[in-house]
Amino acid sequence: MDGASSHLWSSVNSGIVLSILAVALNLLWQSLQGLHLQDIFGRYARRHARRLAAIVDPYLTVTLAEYDGGRMRRSQAYKEAQAYLQRATRDARGGVRHLKAEPATKENDDRLVVSMGDNEEVADEFKGATVWWLAYSAPPREENSPFYWGKAARAERRFYRLFFLERDRDLVLAEYLPHVRREGRAAMVKERQRKLFTNISGDSWDADGFYCDSVWSHVVFEHPKTFATLAMDPTKKREIMDDLDAFKNGKDYYKRVGKAWKRGYLLYGPPGTGKSTMIAAMANHLDYDVYDIELTSVRTNTDLRKLFIETTSKSIIVIEDIDCSLDLTGKRKKKKKNKDKDEEENNQNNKDGEKKEDEEEKDDDKSGSSKVTLSGVLNFIDGLWSACGGERIIVFTTNHVEKLDPALIRRGRMDKHIEMSYCCIEAFKFLAKIYLGVDAHPLFDDISALLREVDMTPADVAENLTPKAPGEDADSCLATLVDALRKAKEDALAKKAAKGKGKEAADDDSDDEE
């Protein structure tokens, strides 16, 4: 009996011990899982693998990608390295077997600028250390569409990879890479040629069916107009030039006051008063590129934002005839007027108008017309995205400033308003000096008197002062201008008289009805 009890008690104790041991092992296993032993052992293995690799391969690498982040704009560091490596490739003397050649950017320069092709390597020396640059590209990401292959491949992503010995790490990172960027910037400035850009409408596909990685296309900017040849009141011209110089040299000022380094100019006035030539003179004075936006080909506000992001610093962004580009002119007033007008019209006219409006909207949807809104343009001018980059001038031109929404042209968006008016006496004398080489002439008094009475644009005055035959001189050209001014005066008087007669006839009809 005692033996059986003793055996039973021993079995119970063994079960308790085994249970406790199982619980302890389970807790230990959960604790070990919490420590992520596989990660610990993995890091340990990789650490020693890197040490072993450093013994076999003592080189470190630095990679510069053409597009970083969200691929929204080209990397400035990549462009500087590319400019630097063009010189290094030229001086390599046989080290590079496959080269790419592009025309030199300078005008009338027959040279070809060479750079290394993909998977080519060029060596460079700096303070006793030798480094190697490798150019390569990665294929584009696969598109989900099964028809993607039929459109053509997107642009490849390009990279530069720098190889150097581990012993030169501090020298390369602290001194060599900043040296590359400085020399690259200097080379870019030396080889820079100003460009006139226009936005590509629709998808970014070129004429050959290949994908373009830019929303802009360009030509060389060669407009000859400068402030020295711009017909304008000298005082007003000097004021504009001083304002442009203050902007160009105002980086510290804009940073100190907390404003984006940009400035808006509104050029307004009748056709032919020199708004476009003013833009060319501004670009030549500042040595800036020009981005001419065709607003009607921009489909959405997002596309407009993308256009702005891909502009560079030292540029003038132009939207000409903004009152004609899109329906952005005084929308709030239009809505109110339309509402009042609808209340006065009968029901049948309302139904016809609504039907016509619906048809127009359907036509717009079918044609894929622009959906850029006034809000999108306002954000383009001075929204958060307008601070991406700096040293940009935004120029709007219009023939009818009164049609524009006040929010579009207020100070802070269009900071300086410049009226391009009809030809004044000082502008005429300037044109006579430029076109005919005369400072004074007996006909100057007659022309000055007529210009006080007649509105004539500088373009029309210049056209009359231009010799058109071998025998024409200052006398004949000035006489032609006098005749043109007199005819314009007679036309203006006749138009005024006809308008007065029309008003009198309308008053008489009103009296008869009463």
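**Around Arg-410**

Let's start with Arg-410, which counts as partly exposed because its relative accessibility is 38%. For the cut-offs, buried means under 20% relative accessible area, exposed means over 50%, and partly exposed is in between, with a 1.4 Å probe and protein chains only. Before I go on, the housekeeping: this is a predicted model, so local features need pLDDT of at least 70 and side-chain atom pairs count only at pLDDT 80 or more, while totals for chains, interfaces and linings use all residues. Residues are numbered from 1 along each chain as its sequence is written, and side-chain values use heavy atoms, with hydrogens and water left out.

Back to Arg-410. You'll find it in the loop between helix 14 and strand 13; helices (H or I, at least four residues) and strands (E, at least two) are DSSP runs, numbered from the N terminus.

What does Arg-410 form a salt bridge with? The partner is Asp-382, and the closest N and O atoms are 3.4 Å apart. The rule for a salt bridge is a side-chain nitrogen of Lys or Arg within 4 Å of a carboxyl oxygen of Asp or Glu. This pair links distant parts of the chain, since Asp-382 is in helix 13 and Arg-410 is in the loop between helix 14 (406-409) and strand 13 (416-419), 28 residues apart. Asp-382 itself is partly exposed, because its relative accessibility is 25%.

Asp-382 also meets the side chain of Arg-413 in a salt bridge, at 3.2 Å from N to O. Arg-413 lies in the loop between helix 14 and strand 13 and Asp-382 in helix 13, so this pair ties together parts that are 31 residues apart in sequence. Arg-413 counts as buried because its relative accessible area is 12%.

**Other salt bridges**

Over the whole structure, the search turns up 16 salt bridges. One of them joins Glu-463 and Lys-468, where the closest N and O atoms are 3.6 Å apart. Glu-463 is partly exposed at a relative accessible area of 46%, and Lys-468 is exposed at 51%. There's also a network: Glu-80, Arg-181 and Arg-185 are joined by salt bridges that share partners.

**Rings**

Now the aromatics. Rings of Phe, Tyr and Trp (its six-membered ring) pair if their centres lie within 6.5 Å; planes under 30 degrees apart are stacked, over 60 edge-to-face, and the rest tilted. How many aromatic pairs does that rule give? The count is 15.

Take Tyr-84 and Tyr-176: they're edge-to-face, 6.5 Å centre to centre, with 85 degrees between the planes. Tyr-84 lies in helix 3 (residues 76-90) and Tyr-176 in helix 5 (residues 169-191), so the pair ties together parts that are 92 residues apart in sequence. Both Tyr-84 and Tyr-176 are buried.

Phe-308 and Phe-380 are also edge-to-face, at 5.3 Å centre to centre and 85 degrees between the planes. Here, too, distant parts of the chain are linked, with Phe-308 in helix 9 and Phe-380 in helix 13, 72 residues apart. Phe-308 counts as buried because its relative accessibility is 3%, and Phe-380 is buried at 6%.

Phe-308 has a charged neighbour as well: the charged end of Arg-392 sits over its ring, 4.9 Å from the centre. For that call, NZ of Lys or CZ of Arg must be within 6 Å of the ring centre and within 35 degrees of the ring normal. Likewise, Arg-263 lies over the face of Tyr-265, 5.8 Å from the ring centre.

As for clusters, Tyr-78, Tyr-84, Phe-126, Trp-133, Tyr-160 and Tyr-176 form one aromatic cluster.

Most residues other than glycine have a negative phi. Asp-287 isn't a glycine, yet its phi is positive, about 65 degrees. Asp-287 is in the loop between helix 8 (275-286) and strand 10 (289-292), and it is partly exposed at a relative accessible area of 38%.

Glu-391 also has a positive phi without being a glycine, about 55 degrees. Its place is the loop between helix 13 and strand 12. Is Glu-391 buried or exposed? Glu-391 is buried, because its relative accessible area is 7%.
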